[in-house]
Amino acid sequence: MEATFTTSQLRTFRSVSSSNLSPPLPSRFSLNFPEFNRKKPTSLKQSSSLIPRLPLRVSASSQAAPASAEVSSIPSTMKAWVYGEYGGVDVLKFDDKVSVPQVKEDQVLIKVFAAALNPVDGKRRQGKFKATDSPLPTVPGYDVAGVVVKVGSEVKGLKEGDEVYGNINEKALEGPKQSGSLAEYTAVEEKLLALKPKNLDFAEAAGLPLAIETAHEGLERTGFSAGKSILVLNGAGGVGSLVIQLAKHVFGASRVAATASTPKLDLLKSLGADLAIDYTKQNIEDLPEKFDVVYDAIGQCDKAVKVVKEGGSVVALTGAVTPPGFRFVVTSNGDVLKKLNPYLESGKVKPLVDPKGPFPFSKVDEAFSYIETNRATGKVVVHPIP
């Protein structure tokens, strides 16, 4: 089955030098996806020296980078990263013969240009959500940015050629997709997507969806509103950096404080923090002020509850929860992205891509190892994807 695109439908694709040279997969990867028809893999070779590495993104680029090669048809198989058992980074394997996922009536097929990793990706691969996970083997990945190349019969708002981004799993832990975004193609429900902000390139856009949806939903759940104060723990992280910006520029915070290590204090201020706290030198429990909301994105809820005002709220994304702290699991929603797009396109809210990336597609395993150090600044992005 083929789909043909004209230049008016599809912005040209970025040309990437890649060939196929990597160790074959072990025999245990003869497992089949229910919708996939796995064949014997070849291998991957992709010189990182040939792939441009983007600088730390603190401000949005003025124009999305153009692409450079047209695609005229959808193949039957694709390159993807796969794991067929739970475990460490070593269970991840490259496979160049994974079947392109089928598109349901309410879905679109996306040619993936960039994807991003989140802490949930590693925890899922480690088997921490076995009870509600999709079957193995799995192509990991939640965040995606790319181009629509096929639409289901019930899709009304998107068309072939649209540049989109989103978190492909409506519920992060409840039956996430077996075929994720760390592949050449992924199928996603229309309601989970939004058009990519015009001023962002694919790498910048890919790092936003799950983190910005988490930041936004957490603030809404606390009833955060104009004139309130907030303390963000781990303000330089993927979620924390966006909590600072949303609280300040979208919700109208009267005062934003945030913690980070010494080298990242200026970054916190550039994102909108009124008070940048060096956690290596100052204990937040000793702060002379208290806050309406504390957004704990690092796992210090026991300390966070000591600096929240009476009747205030503490959001805990990870670690043990101490009352009155609470935890939630984000729900992916394309409408949230659509709502926030004007703030992204105006530059009031900016993506933050870790300076060690983007990681080339050939080094997805290294990207996983890096994010699991918990030392990333902003988002760990994989780009380009062949």
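Six strands make an open, parallel sheet in the order β10-β9-β8-β11-β12-β13. Strands here are DSSP runs of E, at least two residues long, and helices are runs of H or I of at least four, numbered from the N terminus. Two strands pair if DSSP finds at least two bridges between them. The model is predicted: local features need pLDDT of at least 70, side-chain atom pairs count only at pLDDT 80 or more, and totals for chains, interfaces and linings use all residues. Residues are numbered from 1 along each chain as its sequence is written, and side-chain values use heavy atoms, without hydrogens and water.

The edges are β10 (275-278) and β13 (325-326), each pairing on one side only. Strand β12 (residues 308-316) joins β13 through two parallel bridges. Val 315 has Phe 326 of β13 as its bridge partner.

Axes are lines fitted to C-alpha atoms, for helices over the stretch in contact; angles run from 0 to 180 degrees between N-to-C directions.

| Helix | Strands touched | Angle |
|---|---|---|
| α3 (residues 209-221) | β8 (229-233), β11 (291-296), β12, β13 | about 145° with β11 |
| α4 (residues 238-249) | β8, β9 (255-260), β11 | about 170° with β8 |

The whole structure holds two cavities of 30 Å³ or more. A cavity is a set of points on a 1 Å grid over the protein atoms alone where a 1.4 Å probe fits but cannot get out; lining residues have an atom within 4 Å of a point.

Terms used: Contact = heavy atoms within 4.5 Å. 1 Å grid on protein atoms, 1.4 Å probe; cavity = no way out; pocket = protein on both sides within 12 Å on 5 of 7 lines; lining within 4 Å. Points joined across faces, edges and corners; volume = space filled by probe spheres on them.
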